[in-house]
Amino acid sequence: MIKHLQWPSLQQRREILRLVLLYKIHHNLVHFDINSYLTPTHGRAHYIHPQGCKIPFSRRDYHLHAFFPRTAKTWNVLPPDIYNAPSVEAYRHRLTGWLAA
């Protein structure tokens, strides 16, 4: 039924929601101190964009699959036209297209 309706999978919908929340946090649309959980990369790696985040080190799976480490991995590889979107709606639309490709 989901394929017939052309809905994204549950995994894709969850990933979109995680990335939209990180976009909102990063653009101060949600009151949250991101610096307590993630640190900016400041161009340390050539494949991470200027708004990239350092992925916290984790020895345990329960931390590795927590919100910030899990979401930062995908956030760091987003193309510039997505993470520089002017609004949440534009970001979500571009992100959905990128993940579906």
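How many of the 101 residues of the protein count as buried? The share that counts as buried is 33% of the 101 residues, where buried means under 20% relative accessible area, exposed means over 50% and partly exposed lies in between, with a 1.4 Å probe and protein chains only.

This is a predicted model, in which local features need pLDDT of at least 70 and side-chain atom pairs count only at pLDDT 80 or more, while totals for chains, interfaces and linings use all residues. Residues are numbered from 1 along each chain as its sequence is written, and side-chain values use heavy atoms, with hydrogens and water left out.

**View 1. Overall fold and confidence of the predicted protein.** The secondary structure comprises six helices and two strands, and along the sequence these elements follow the pattern α-α-β-β-α-α-α-α; helices (H or I, at least four residues) and strands (E, at least two) are DSSP runs, numbered from the N terminus. The pLDDT, which is the predictor's confidence in each residue on a scale from 0 to 100, averages 83 over the protein, and 88% of the residues score at least 70. Among the elements, β1 has the lowest mean pLDDT, 70, and α6 the highest, 94. Where pLDDT is low, the predicted coordinates should not be read in detail. The protein exposes about 7,200 Å², of which carbon and sulfur atoms supply 56%; accessible areas come from the Shrake-Rupley method with a 1.4 Å probe, and for residues only the protein chains shown count as cover. Among contacts (heavy atoms within 4.5 Å) between residues at least 6 apart in sequence, 50% join residues at least 24 apart.

**View 2. Helix α4 and what covers its buried residues.** The buried residues of α4 are Phe-68, Pro-69, Thr-71, Ala-72, Thr-74 and Trp-75, and their cover includes α2 (10-26), β2 (53-54), α3 (61-64), α5 (80-83) and α6 (88-100). Thr-71 lies in this helix, which spans residues 67-75, and Thr-71 counts as buried because its relative accessibility is 1%. Not counting residues up to four places away in sequence, Thr-71 touches Arg-18, Leu-19 and Leu-22.

**View 3. The largest nonpolar core.** A nonpolar core is a set of buried Ala, Val, Leu, Ile, Met, Phe, Trp, Tyr and Cys residues joined through side-chain atoms within 4.5 Å. Of the 21 residues in the largest such core, Leu-38, Trp-75, Leu-78, Tyr-91 and Leu-95 touch the most other members. The elements that give two or more residues to this core are α2, α4, α5 and α6, and the largest share, six residues, comes from α2. Leaving aside neighbours within four places in sequence, Leu-38 is in contact with Leu-22, Cys-53, Lys-54, Pro-56, Phe-68 and Ala-72.

**View 4. Aromatic pairs.** Rings of Phe, Tyr and Trp (its six-membered ring) pair if their centres lie within 6.5 Å, and planes under 30 degrees apart count as stacked, over 60 as edge-to-face and the rest as tilted. By this rule the count comes to four aromatic pairs. The rings of Phe-67 and Phe-68 have centres 4.9 Å apart and planes at 80°, so this pair is edge-to-face; Phe-67 counts as partly exposed at 24% relative accessibility, whereas Phe-68 is buried at 13%. The rings of Trp-75 and Tyr-91 have centres 6.3 Å apart and planes at 50°, so this pair is tilted. Trp-75 lies in helix α4 and Tyr-91 in helix α6, so the pair ties together parts that are 16 residues apart in sequence. Both Trp-75 and Tyr-91 are buried, and together with Tyr-23 they form one aromatic cluster.

**View 5. Leu-99 in helix α6.** Leu-99 lies in helix α6 and is buried, with a relative accessible area of 17%. Leu-99 and Pro-8 are 91 residues apart in sequence, yet 9.5 Å apart in space, C-alpha to C-alpha. Leaving aside neighbours within four places in sequence, Leu-99 is in contact with Gln-12, Glu-15 and Ile-16.

View 6. Asn-28 has a positive phi of about 55° although it is not a glycine. Most residues other than glycine have a negative phi. Not counting residues up to four places away in sequence, Pro-86 touches Tyr-23 and Arg-94.
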